[in-house]
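Keep the sequence and the coordinates in view.

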Amino acid sequence: MSDSSLSQLLSVMQRLRDPEQGCVWDKQQTFASIAPYTLEECYEVLEAISRQDFTDLKQELGDLLFQIVFYAQMASEQGHFNFDDICQTITQKLIRRHPELFHPQGPSASWEQIKQQERQEKQQYSLLDNIPHAMPALLRADKIQQRCQTVGFDWETLGPVVDKVKEELEEVMEEATRQPRNPERLEEELGDLLFATVNLTRHLGSRAETTLHKANVKFERRFRHVEQIMAKQGLTLEQASLAQMELAWQQVKYEEKAENESHAE
């Protein structure tokens, strides 16, 4: 972004928040009220990336940048910081975390050592400090496990990871078949199973959040095809039996497999 483009964007934001002549909606917003929109914009950026739609991505990144500019303007009005301070802070952090590039003659330190020092300076002494609770649960589980791995609190081979998933699944089924069923205990065991599955996903080189997102997309695509097959048979989903829908589901899977094999040839 050129200085003129950035200056224009900041100027527009100031105008929107002008106490007398600004936009009514923009003037009413607070950090808390804007936060949900920020999360929504992040997901829209990720959606554009997943579609490889770079025209849309350009627009969505602009929307996300506007969120940052919005926060900076509100913070400036309250005397906390401004957009310049944000830029300086991230610039300093990047230089500090890459000493091998910007200070090659100085003492070397690993990425995690530098981050641990930063946590201590903020009086955050636990390895697990500063992992946002607002993160999606799968993403946060992955982050927790990555932090623990940096100090060796992790299995080195795949076998124990798989065994843990099996163990947690057995405990889920034990609670699920217990009479009377204890919903809180069952939920706890289900959580342990999900956490163990995230760990397995991580050990296999994938991210649970991304992996599940792709699974959601695949299921949605296949189910839409099932709907189309039912419609061709003159049936609504409510009218179709489970056996009919399962047959259509298997047909969709077979057709997808055949199409993938033809592309691979």
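Which residues in α8 meet which residues in α10? On the α8 side they are Leu138, Ala141, Asp142, Ile144, Gln145, Gln146 and Gln149; on the α10 side they are Phe195, Val198, Asn199 and Arg202. Contact here means heavy atoms within 4.5 Å. The model is predicted: local features need pLDDT of at least 70, side-chain atom pairs count only at pLDDT 80 or more, and totals for chains, interfaces and linings use all residues. Residues are numbered from 1 along each chain as its sequence is written, and side-chain values use heavy atoms, with hydrogens and water left out.

Stay with this helix pair. Helix α8 covers residues 137-149 and helix α10 covers residues 183-203. Helices are DSSP runs of H or I with at least four residues, numbered from the N terminus. The two axes come within 9 Å and cross at roughly 65°. Axes are lines fitted to C-alpha atoms, for helices over the stretch in contact, and angles run from 0 to 180 degrees between N-to-C directions. The crossing of α8 and α10 is right-handed, a term for a near helix turned clockwise from the far one by less than a right angle.

Asp142 also has a charged partner. Aspartate 142 forms a salt bridge with arginine 207, with 3.5 Å between the closest N and O atoms. Aspartate 142 lies in α8 and arginine 207 in the loop between α10 and α11 (208-232), so the pair ties together parts that are 65 residues apart in sequence. A salt bridge is a side-chain nitrogen of Lys or Arg within 4 Å of a carboxyl oxygen of Asp or Glu. Aspartate 142 is buried, at 2% relative accessible area. Arginine 207 is partly exposed, at 44%. Buried means under 20% relative accessible area, exposed over 50%, and partly exposed in between (1.4 Å probe, protein chains only).

How many salt bridges does a search of the whole structure find? It finds 16. Some are linked: Glu174, Glu175, Arg178, Arg185, Glu188 and Glu189 form a network. Within it, arginine 178 pairs with glutamate 174, the closest N and O atoms being 3.2 Å apart. Arginine 178 is partly exposed at 37%, and glutamate 174 is partly exposed at 47%.

Now look at the backbone. The peptide bond from glutamine 179 to proline 180 is cis, with omega near -5°. Proline 180 sits in the loop between α9 (158-176) and α10.

Glutamine 52 is exposed, with 51% relative accessible area. Aspartate 53 bonds to arginine 51 through a salt bridge, with the closest N and O atoms 3.6 Å apart. Aspartate 53 is partly exposed at 29%, as is arginine 51 at 41%.

Where is isoleucine 49? It is in helix α3 (residues 31-51), and at 40% relative accessibility it counts as partly exposed. Leu39, Tyr43, Leu46 and Ile49 form a nonpolar surface patch with about 380 Å² of accessible area together. Such patches take residues with over 30% relative accessible area and no salt bridge, joining nonpolar side chains (Val, Leu, Ile, Met, Phe, Trp, Tyr) within 5 Å and like charges within 9 Å. Areas come from the Shrake-Rupley method with a 1.4 Å probe, and for residues only the protein chains shown count as cover.

Conventions:
Helices (H or I, at least four residues) and strands (E, at least two) are DSSP runs, numbered from the N terminus.
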